[in-house]
Amino acid sequence: MLHEPASQSGPDPASEFKTRLGVWMFLLYCLVYAGFVVINLVSPTTMELTVLWGMNLAVVYGMGLIIFAVILAIVYDFACRRRESALADTPAKGGKQ
Amino acid sequence: MAITAFLIFVAFVLGLSFYLGQRTRTSSGYYAAGGQIHWVVNGVAFAGDYLSAASFLGICGMIAVAGYDGFLYSIGFLAGWIVALFVVAEPMRRLGKYTFTDAVDAKFDSRGIKLAAAISTLIVSIFYLIPQMVGAGVLVEPLLGIPHHWGVIMVGAIVITIVATAGMTSTTWVQFIKGSMLIVFSSILVAAICYRGFTTEPDQGGRVPVHEYATLAATEADSRLTVAEPGWEVVETHEDAAAKAAFAKLARDGRQTWWLISRTDDGVALKETEAVVVAANGTTLINGAPPSAENALRQVGNIEQLRGETDVKSGSISPIELLAGLSDKDTVVKRWKKASFTDADGGKATVYYPTLTRGNVLMRPGLKFKVQGTVLERLDFVSLMLALFLGTAALPHILIRYYTVPSPAAARKSTIVAIIAIGFFYVLTLFMGLGAMINAVINPADSNMAAPLLARSFNSLLFAIISAIAFSTVLGTVAGLIVAASGAVAHDFCDRYLRIPMDDRQKIRAGKLAAFSVGTLAIILGIAFKGMNVSFLVGLAFAVAASANLPAMMMLLFWKRTTAKGIAASIITGVVLSVGLICFSPMMYGQFGLDPTTAPIPFNNPGIVSIPLSFIVLVLVSLSTKNRNSGVAQPA
């Protein structure tokens with residue numbers, strides 16, 4: 001006996017697009033996050049450099065990681081919605097790009 | 001006023017729970033709120049679920065005492081949501097029913113996965129529950145003036161009532177209210193910090209006189225210390241290897257106090273400290289006198305110099321000016337460190353001593369996490385950042401929230417709301433922590449109270465509200481954890497693994513019974529672990545979740561050759577390795593009074609070892625069992 005989801009939802013033709021976009025955005029964020037970790041390991045004093053409005057690189061990069069996550073999330077949702085509505089209008093085309 | 005706000009809040013959430021409880025008739029309603037929560041409400045409830053005592057009390061406290069290093073937790077905790085959104089949210093919603101186990105087992109129907117995932121859920125939830133309960137006791141103790149264990153019992157009883165009445169529905173609304181209030185009032189607190197601005201004389205709006213810590217000139221010859229000023233007698237000295245600091249016990253007018261010995265090229269000076277000494281006969285002295293309302297540890301933390309100036313009262317400043325001013329290399333902040341040792345009379349002395357830190361060092365990583373230290377210390381930092389990044393998406397109490405919305409698209413949208421709300425809050429943590437650091441509101445013995453004490457430095461009403469929110473922070477997270485843990489016991493183990501036949505009413509009853517049992521266990525552990533480091537235990541939960549759950553989820557979604565045995569082996573490997581490595585780590589040795597240098601594992605954060613090994617085990621076991629396993633995963 002397999003277990004069914006809590007509430008049923010129909011097939012999602014955009015799932016392939018969303019999965020691929022999600023993986024690329026995840027890798028992009030990984031790269032930026034890894035950059036933060038690497039700078040701290042290789043050259044910690046670089047983080048002291050004043051880079052914007054008197055704030056140092058550590059503050060700007062750290063805040064930037066949080067803001068970048070929010071921006072990526074909004075862009076991802078926007079792209080997913082567009083694809084979902086486009087495929088809803090033309091169901092015969094399916095989920096392929 | 002704080003007690004009134006607290007009681008009103010408790011009465012409100014209990015009333016709401018009983019009201020919603022009358023409408024919970026099915027197991028879907030109990031475990032997943034019927035899958036009908038609106039995505040905006042679910043998104044804010046995500047924030048209410050996730051922003052636990054560790055986020056509000058722990059991170060603010062850590063920033064207040066260790067500067068930027070505390071903010072690393074904010075960065076890592078938020079980054080973890082990227083994994084949740086881009087990799088986990090929609091596929092998990094499509095696969096699962098009520099729990100994490102349902103999702104990883106959806107394509108296999110494997111008893112091995114059910115058992116392993118239920119155990120993993122239970123262990124992660126309990127490790128996460130302990131610090132929340134300890135935090136509850138810490139919070140309620142000063143707020144209501146009751147002992148720690150009664151605070152834990154009270155919180156446990158309230159949460160069990162919330163969960164047992166309406167399950168996920170009441171839990172969701174408690175988390176929604178808490179998440180909203182936390183963000184609104186944290187914003188108000190940050191606005192108040194900026195309005196007050198910088199001052200080198202933090203008198204809390206004139207309510208608390210600034211204490212000028214004394215410095216005494218001294219001489220040292222043939223290892224004999226002498227105070228230049230007459231009337232002072234040196235009783236004993238102590239070189240503390242662990243703290244890399246030296247202290248002197250001085251006597252004057254029959255009162256004995258501990259002083260920091262500061263040796264510089266200019267000579268020797270003695271700096272006033274704060275000290276708690278528990279004598280061999282059990283009596284406690286604070287700064288050489290019995291504790292009383294007038295004689296308690298003073299709240300500490302202030303700016304000594306702002307951009308080279310020593311007498312500063314800036315008036316209101318912008319948030320950017322706050323960060324820029326504190327990052328300046330000519331800004332100097334007085335922080336306080338702790339040293340614990342046994343004095344010559346056999347008393348247990350805990351000395352809190354001042355240290356000056358420049359802004360450029362304060363506002364970058366390095367004070368707590370030794371990014372300029374040995375290779376192992378650097379690896380420890382990488383390991384922590386890895387566990388924080390990968391742990392969030394694998395926390396069972398977060399995963400179950402994907403099943404409370406009607407569709408995968410709603411799961412995605414609620415995750416985006418959560419990222420915006422949580423991201424905004426984590427930006428605020430930096431300002432709240434730094435605000436506490438420079439406004440003389442840190443209790444040197446317990447940094448966890450930095451945010452509530454900062455609120456009290458403005459006015460009593462804000463303190464009352466922030467304390468009620470801090471309490472609701474514990475309630476919301478503990479409720480989510482108990483739902484997750486009760487799901488693991490009643491749904492995953494009893495219903496699906498043991499296959500005990502139950503109708504819908506019996507399933508709800510089993511869930512409530514499990515919630516009561518897990519809640520009772522949490523109360524016992526919360527009392528037993530009193531005094532244990534809250535952030536440390538939360539870090540442990542993240543490491544276990546990232547090691548045990550994430551490899552199984554990722555490979556299930558992205559590797560077609562994944563088998564049931566591979567997933568079960570990976571989960572067990574992750575749990576055993578991460579818990580085992582932490583049990584033998586230096587920090588755990590220190591917690592249990594052993595010498596940390598003798599710990600067989602040389603680092604504290606296990607993720608860098610346990611996460612890759614869990615992936616490797618999954619791949620190897622899957623490859624070796626693929627022909628014997630009928631339930632090979634299909635693409636998500």
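## The second largest pocket

About 840 Å³ of space sits in the second largest pocket. A pocket here is an open set of points on a 1 Å grid over the protein atoms alone, with protein on both sides within 12 Å along at least five of seven lines. Points are joined across faces, edges and corners, and the volume is the space filled by probe spheres set on them. Of the 33 residues lining this pocket, B:H211, B:Y213, B:N302, B:K334 and B:W336 come closest to its centre; to count as lining, a residue needs an atom within 4 Å of a point.

Four strands of chain B each put at least two residues into that lining: β6 (267–272), β9 (300–305), β10 (332–342) and β11 (348–358). β9(B) gives the most, with 5 residues. Helices (H or I, at least four residues) and strands (E, at least two) are DSSP runs, numbered from the N terminus. By class, the pocket lining has 15 nonpolar, 9 polar and 9 charged residues. Ala, Val, Leu, Ile, Met, Phe, Trp, Tyr, Cys and Pro count as nonpolar, Asp, Glu, Lys and Arg as charged, and the others, Gly among them, as polar.

## About the model

This is a predicted model, so to speak with limits: local features need pLDDT of at least 70 and side-chain atom pairs count only at pLDDT 80 or more, while totals for chains, interfaces and linings use all residues. Residues are numbered from 1 along each chain as its sequence is written, chains are lettered from A and ligands numbered from 1 in the order in which they are written, and side-chain values use heavy atoms, with hydrogens and water left out.

## Where A meets B

Chain A brings 47 residues to the contact and chain B brings 58 (heavy atoms within 4.5 Å). Together the two chains bury about 4,500 Å², with 69% of it on carbon and sulfur atoms; that is the accessible area (1.4 Å probe) the two parts lose on being put together, summed over both.

The interface holds 2 salt bridges, each a side-chain nitrogen of Lys or Arg within 4 Å of a carboxyl oxygen of Asp or Glu. B:R412 and A:D77 pair up in a salt bridge at 3.0 Å, N to O. On chain A's side, α1 (15–42), β2 (55–56) and α2 (57–89) each supply at least two of the residues touching chain B. α2(A) has the largest share, 16 residues, and the classes on this side come to 29 nonpolar, 11 polar and 7 charged.

## Cavities

There are 2 cavities of 30 Å³ or more, a cavity being a set of points where a 1.4 Å probe fits but cannot get out.

## A bridge within chain B

Over all chains there are 16 salt bridges. In one of them, B:K249 joins B:D343, with the closest N and O atoms 3.5 Å apart. B:K249 lies in strand β4 (residues 245–252) and B:D343 in the loop between β10 and β11, so the pair links parts of chain B that are 94 residues apart.
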